[in-house]
Amino acid sequence: MIQEIIVVEGRDDTVAIKRAVDAETIETGGSAIGDEVLRRIALAKERRGVIIFTDPDHAGERIRKIVSAKVPGCKHAFLTQEEATRKSDIGVENASRESIIRALENVRTDAAPGQDEESDITMDDLMAAGLLVHPQAAARRLEMGKLLGIGYCNGKQFYKRCRMFRIGREEFALAYERMSVSEKGDDNG
């Protein structure tokens, strides 16, 4: 049984989560999140903790941002688009049991109120790693997001997530090294 309550977008996501793990969910009902739902999420966070587990698409990221802004200090679970896609439909409901379990085992916690979003990663580090202003920047951010467990996002958001989830230089360097080895393997294959 997962202690925290998992915030998902809809009923199909709840079914997928319950197929994978023993957990309770709160459904946002889409991206037009009402005040009542936000109050329930805030209460759940206070009493048991919350894991935000939305689709890896624009609407899911919008919901994640809204909930994070209104209820700071939540945990986050991420799926890759590949893990959540079936027949060009992207959603948690499409992910395998194994992918859902892996995402929940690798949750990240954002900085709670009163805690500084602290990371020693700079924009220059992102540039040096080819995650910004690089012909393959988007693909590299996608891979680094997978390796760091913070999902895919644009460059500015990637920097913000590194800070929000307190990604340190050592963790960043290890992920970069794994990405570089993977790229070299792709070039040789």
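In the predicted model, V133 occupies the loop that connects helix 5 (123-128) with helix 6. The phi angle of V133 is near 45 degrees, a positive value in a residue other than glycine. Most residues other than glycine have a negative phi. V133 is exposed, its relative accessible area being 76%. A positive phi is also found at K87, where the angle is near 50 degrees, and this residue too is not a glycine. K87 is placed in the loop between strand 5 (85-86) and strand 6 (89-90). With a relative accessible area of 79%, K87 is exposed.

The space within the largest pocket amounts to about 610 Å³. Its lining comprises 32 residues, and those nearest the centre of the pocket are F78, L79, G151, Y152 and R161.

Helix 3 is built from 13 residues, and the distance from its first C-alpha to its last is 19 Å, close to the 18 Å expected at 1.5 Å a residue. The buried residues of helix 3 are G60, E61, I63, R64, V67 and S68. Viewed down the axis of helix 3, these buried residues fall within an arc of 160 degrees, and they therefore line one face of the helix. The exposed residues H58, A69 and K70 are carried on the face of helix 3 that is turned away from the buried side.

G155 and G185 are 30 residues apart along the chain, and their C-alpha atoms are separated by 25 Å. Helix 8 (residues 169-188) includes L174. At a relative accessibility of 49%, L174 counts as partly exposed, since the exposed class begins only over 50%. The C-alpha atoms of L174 and I41 lie 34 Å apart in space, and the two residues are separated by 133 residues in sequence.

The cysteines were considered last. A disulfide is a covalent bond between the sulfur atoms of two cysteines. The structure holds 0 disulfides. For C74, the closest cysteine sulfur belongs to C153 and lies 17 Å away, which is too far for a bond. C153 is also in no disulfide, the nearest cysteine sulfur, that of C162, being 8.0 Å away. The criterion for a disulfide is a pair of cysteine sulfur atoms within 2.5 Å. C74 counts as buried, at 0% relative accessibility, and C153 is buried as well, with a relative accessible area of 6%.

Conventions. Residues numbered from 1 in each chain as written. Predicted model: local features only at pLDDT ≥ 70, side-chain atom pairs only at ≥ 80, totals over all residues. Heavy atoms only, no water. Buried < 20%, exposed > 50% of the residue type's maximum accessible area, 1.4 Å probe, protein only. 1 Å grid on protein atoms, 1.4 Å probe; cavity = no way out; pocket = protein on both sides within 12 Å on 5 of 7 lines; lining within 4 Å. Points joined across faces, edges and corners; volume = space filled by probe spheres on them. Helix = DSSP H or I, 4+ residues; strand = E, 2+ residues; numbered from the N terminus. Expected span 1.5 Å × (residues − 1). Arc of directions from axis to C-beta.
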